[in-house]
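Walk through this fold one piece at a time. Keep the sequence and the model side by side.

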Amino acid sequence: MTSGEAALVQHLDACLGCRGCEPVCPSGVQYGRGLEQARERLHAERGLSTLARAVLGVFRHERLWRPLFSLARLFRGTGLPRALAGGGHLGFGMGMVASSAAGRYGGTTVRRYDGKAPAGPETAGSHAAEETAAVPPYRPTVPSAGRVALFRGCVMDTLFRHVHEATRRTLEANGYQVMEVAGQTCCGALHEHAGDRQSATALALQNLAAFSGEADYVVVNSAGCGALLKDYGHLLGGAAAEALGAKVRDVSELLATAGPRPGAPLDLDVAYDAPCHLQHAQRVHDAPLAVLRAIPGLRLRLLPGSDQCCGSAGIYAVLQPEMARAVLERKIRTFADATPRPDLIATGNPGCLMQIGAGLMAARLPIRVAHPVELLDWSYEAQAHGGQAHGRSRR
């Protein structure tokens, strides 16, 4: 390899793949496609690093990732990851695990409700809350907005199962019928981004077969997964893959289309941080803001740099931890310097939630992270149980 080729490989490896260059390119160059093709060629010629092969190998097989992430969820439940969170490599990793936990409002995890609009008028009051993993059956309360198949994925289905539950409840509260789909697996985005097209294709074909039913939409609550699922037509080719991609919607898109209906007020200062693969790859900008603005009492802001990458970028934070932390540091400083300081950062991608959450813990900032759909779920829960939710979010 010549020095020029080595320099090119270094730049390709260092690129976050956030695709932030695409919207500002006057020629409309699809840099993301070019990067993936370049990495695919590099993968064929020199393979992947040992660490990258190990990480992608886990995501390739459900028999590996499901028990591994399930154990991480159990470990998270002990409270040790939050206690050990800090600035070093180990502490940051512990912070990432801790940040995958269900969000809390007012110091307690919200109670579960059945997704139905409350029958009576709202009354002021606060309620103690307790968590249960039960997902209630669909009970339509407003005119049907369509049948929705829920994409569960891998990390979302293990560490972020609470976001799936919130997705189901909020969609049902807005008239959607949510269906479970058997036989689905990891979307393949991490493999595609790394140049392992063969593995990405195999996973995509499995999902294509699983989602061949009659749902009107396939709903995704992970920005990275949604970006690739929408692009299955390019990855796989063929009418079936194109048709599946056309059905894929981020959960915020479906909720924004339905309104969404407002719930009870939440007394929170919230800063929205846009996931790269939602804003740049999917070009979804307004829908998450519409979801958050539908919550009465919530004070929503876009801080400087909210449209810039957090440094997670799939497995980038694992392969290039120093660079990823340097990218994140700018966001953490912005959060710390904001006046008033936000109670919570809302973002719609698991990697972003874990990366930003770990950075906040390392900086000892009392700011939480949550998926936007969780906040709407809290609002509906408070409404279903008697009115306004009181209290500020705190660690």
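Which residue takes a positive phi just after α9? Glycine 175 does, with a phi of about 95°.

This is a predicted model, in which local features need pLDDT of at least 70, side-chain atom pairs count only at pLDDT 80 or more, and totals for chains, interfaces and linings use all residues. Residues are numbered from 1 along each chain as its sequence is written, and side-chain values use heavy atoms, with hydrogens and water left out.

Start with the sheet. Helices (H or I, at least four residues) and strands (E, at least two) are DSSP runs, numbered from the N terminus. Four strands form an open sheet in the order β2-β1-β3-β4, with parallel pairing. Strands count as paired if DSSP finds at least two bridges between them. β2 and β4 (248-250) are the edge strands, each pairing on one side only. From one strand to the next, the twist averages 40°.

Now look at β1 (residues 146-150). Four bridges join β1 to β2 (residues 176-179). Three bridges join β1 to β3 (residues 217-220). Valine 148 has valine 178 as its bridge partner in β2 and tyrosine 217 in β3. Leucine 150 stands opposite valine 219 in β3. Because four of its five residues are buried, β1 is largely enclosed by the rest of the structure. Buried means under 20% relative accessible area, exposed over 50%, and partly exposed in between, using a 1.4 Å probe and protein chains only.

Turn to the helices on the sheet. Helix α9 (residues 161-173) lies across β1, β2 and β3, running at about 150° to β2. Helix α12 (residues 223-230) touches β3 and β4, and its direction makes about 155° with that of β4. Axes here are lines fitted to C-alpha atoms, for helices over the stretch in contact, and angles run from 0 to 180 degrees between N-to-C directions.

Stay with α9. Its 13 residues reach 19 Å from first C-alpha to last, close to the 18 Å expected at 1.5 Å a residue. That expected span is 1.5 Å times one less than the number of residues. In α9, 12 of the 13 residues are buried, so the helix is largely enclosed by the rest of the structure. In soluble globular proteins, nonpolar side chains tend to be buried together. A nonpolar core here is a set of buried Ala, Val, Leu, Ile, Met, Phe, Trp, Tyr and Cys residues joined through side-chain atoms within 4.5 Å. The largest has 70 residues, of which Leu171, Leu360 and Leu375 touch the most other members. Helix α20 (residues 350-362) gives the most to this core, with six residues. A second, separate core of 22 residues includes Ala215, Val218, Cys225 and Leu229. Beyond its neighbours within four places in sequence, leucine 171 is in contact (heavy atoms within 4.5 Å) with Val148, Tyr176, Val178, Val219, Val251, Leu254 and Leu255.

Finish with the cysteines. A disulfide is a pair of cysteine sulfur atoms within 2.5 Å, and the count comes to zero. The sulfur of cysteine 154 is 3.8 Å from the closest cysteine sulfur, in cysteine 186, too far for a bond. Cysteine 154 is buried, at 8% relative accessible area.
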